[in-house]
Structures are given as structure tokens and as C-alpha cells.
Amino acid sequence: MSKSSIPDLIIGEHTINAGEQKRFQLEMPPLYTDTSMGIPVYVQRGKREGPTLFVSAAIHGDELNGIEIVSRLIKSPSIKNLRGTLIAIPMVNIYGVLNQSRYLPDRRDLNRCFPGSKKGSLAGRIARLFLDEVVSKSDYGIDLHTGAIHRSNLPQIRANLNDELTAEMAKAFGVPVLLNADIRDGSLRQAAADEGARVLLYEAGQALRYDEFSIRAGVKGIVSVMRQIGMLNKTKHKGRKVEPFIARQSGWVRANESGFVLHKAQLGDHVEKGDVLATISNPFGEPLDDLISPATGVIIGKQNIPLAQEGEAIYHIAYFKQPDTVAEHVEMLQDNLGSSDSMLVG
Ligand SMILES: [Zn+2]
């Protein structure tokens, strides 16, 4: 025990007392080259009592935006006088980052292997280690993701919005779209919920790229959540308040023909049922098919590469009850972040 009444925090072999800041590696199975491996961990503990929040990135090794979000967050002067504890993990899937791959060397998706097991697969062992050492010691969590390669996501939060406190955190994050997600899928988010932690998943930008708009919205969102859960003092709201829209359903619009895609709809666009989103043509420019929006909603994900194979997912649409003003809210968020229009269109 440290002198203060706040109990010590122990992660791996490291003890972090109240008021301390530490950076260390959480030891993982070494490579077969006898190279030791570790998950980098940053812990900042306030002198005053408060909740514990983990912020994790790159659980999918090619989703890099979150690495920059974590590095800006821990340098941010706004978190210096926090209450409670911030545990920030710039990358969980180290092997994936090395290979610039979503997966682990055993070709498993780490975010489908929770809660994992000490005697399980490589993915299962890392999942268990992360769960035991970080997640089980946290009250709250924010897991940072991006779209896949050649696919961009509009900044959005996915969470179990049926839980009132989680929904409040999600709203505090301040992005235009909240997507309800409560399926049991072996994800970190689900395992954390089973451990009693409330977790948001932030999706923005695309794999293997830094996207400035998504990074800024991510840092701002995490700080806002820290205020909302009592780790930081609340401030008077600057700029117009962004009231998010909650979607309970989303779906992909797929190519019905193989060909070259001319996109008409962009990320953040509000679309009506029957709107033409894109046209697919053959190599001579003759149109083969139009991609039609099946419902009213907002485009939250988009393929960037203009080549489509029949059956390929081109647009991800969140369906809304009140979609009319979402595009307006996206613009408001951009205004508040002081970024240019072009940044939304990844
Ligand atoms: Zn991901």
C-alpha cells in the first residue's frame, strides 16, 4: 500500500501508486527468434480517487489511427489532473502491427478470441492476458478501431446502448452516429462487459492510414468521456452541441455487377430510399448497374477503391428514424474540430 488511502494498482510485475505515471511492457510469448515481446502500457494515476478507464488501440494490427489518438491523449495537458486511473495501450496486437495485418500470426482475429485462456491458442493467451491485467482492473474502456483496408468509416461509436450508463458515455463522446451493438461475438467489448466494465468501440477512418479528422474526433471524444465519468472536471461547452443520432440497424449495399465504381454518395451523406449511390461500368464506360440505397439513412462506411467484384460491399448505411439533419450534424462536428470538409471523405 502507498501512503494514500487509494490502493496500489498492479499490472504484470509493475506497481503503480496514486499520483504516479509509468510506462512499461506487459510481457507476451516471445517470437521463435528468441526476441522478447511486450504490449506497451502507459498508466497515469491521479492523487484523488476516481474510476479506472482503459483506452486500447490496434487490437486489429493494421488499424493505426488509435495509436496516434493514444499518443496525443497521453500528451494532452487536459488530462494532467485526473481523478482515478488512465491505462492507455497504444497497441494490443503487436504481431499484427509488425506484419501490418489485422490478424495474429496464427491467422486468428484477436477481437473474436475473448475471453481467451492461459492454455489456449496464441490469440486466446493474449486475450486472456489483456483481460486479466487491464480489463478486469477497469471500470470503463474505450477500444479504438478503423475501417478495413480501402474502406473508410465515418467517426462513430458502437456500444450496448440498452445500458443507460453506456449510452450516456456514448453520447458524451460527441460523434454524429451511435450504433447499437449488443451481440455476443468474442470481442473485447463483450468480454469487458462480462467483467462489469462499460465499453465503447470507436470506429473511424481506414486501416493503414492516419486520418486527421478521425484522430482529432477520437482524442476530443475520450477527453469528453473522461469528464462525463468524473475523471476530469466538466467544462462549459464550447461550440454548438452535437446531439448524436442513434441507429439500431445498419446494412451493406453490395455490387450486383463486377466493374468500375463511380461514387456519387460520400461518407456522412444522408440518403433516401431509392437514391443512386454509385454507378458500376465496364472498362468502356458503359453503365452496367446502379447501386441503390435500400432505405433512408446515413453513410457510415464506404469502399474507397473504385473496383468492384460482384457481391462486394460498397456502402455501409446506418438506418435512422430521424435522418434529416445528420449531414448537418456532421458539418457541425467538423466546425467544432476546425477541420476542412475534405477530411470526412476518406
Ligand atoms: Zn477493428
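1. In what order do the four strands of the open sheet stand, and is the pairing parallel or antiparallel? The order is β16-β15-β13-β18, and the pairing is antiparallel; two strands are taken to pair if DSSP finds at least two bridges between them, while strands (E, at least two residues) and helices (H or I, at least four residues) are DSSP runs numbered from the N terminus. Because β16 (287-292) and β18 (307-308) stand at the edges with a single partner strand each, one side of each is left without a neighbour in the sheet.

2. On the basis of the note: this is a predicted model, in which local features need pLDDT of at least 70 and side-chain atom pairs count only at pLDDT 80 or more, whereas totals for chains, interfaces and linings use all residues. Residues are numbered from 1 along each chain as its sequence is written, and side-chain values use heavy atoms, with hydrogens and water left out.

3. Within the sheet, strand β13 (residues 259-263) pairs with strand β15 (residues 276-281) over four bridges in the antiparallel sense, and Val-261 stands opposite Ile-280 in β15. β13 also pairs with β18, again antiparallel, over two bridges, where Gly-259 has Ala-308 of β18 as its bridge partner.

4. Gln-303 belongs to strand β17 (residues 297-303) and is buried, with a relative accessible area of 2%, where buried means under 20%, exposed over 50% and partly exposed in between, for a 1.4 Å probe and protein chains only. Its side chain makes a polar contact with the side chain of Arg-151 at 3.4 Å, and the side chain of Gln-303 also reaches the backbone oxygen of Ile-305 at 2.9 Å. A polar contact is a pair of N or O atoms within 3.5 Å; within protein, one must be able to donate a hydrogen and the other to accept it, and residues adjacent in sequence count only if both atoms are side-chain atoms. Neighbours within four places in sequence aside, Gln-303 is in contact with His-150, Arg-151, His-263, Glu-312, Ala-313 and Ile-314, contact meaning heavy atoms within 4.5 Å.

5. Helix α1 (residues 65-75) packs with helix α6 (residues 212-228) at an angle of about 50 degrees, their axes being 9 Å apart. Axes are lines fitted to C-alpha atoms, for helices over the stretch in contact, and angles run from 0 to 180 degrees between N-to-C directions. The residues making this contact include Ile-69 and Leu-73 of α1 and Ile-215, Val-219 and Ile-222 of α6.

6. Among the buried residues of α1 are Ile-67, Ile-69, Val-70 and Leu-73. The buried residues of α1 pack against α6 and the strands β5 (48-57), β6 (83-89), β7 (140-145) and β10 (198-205).
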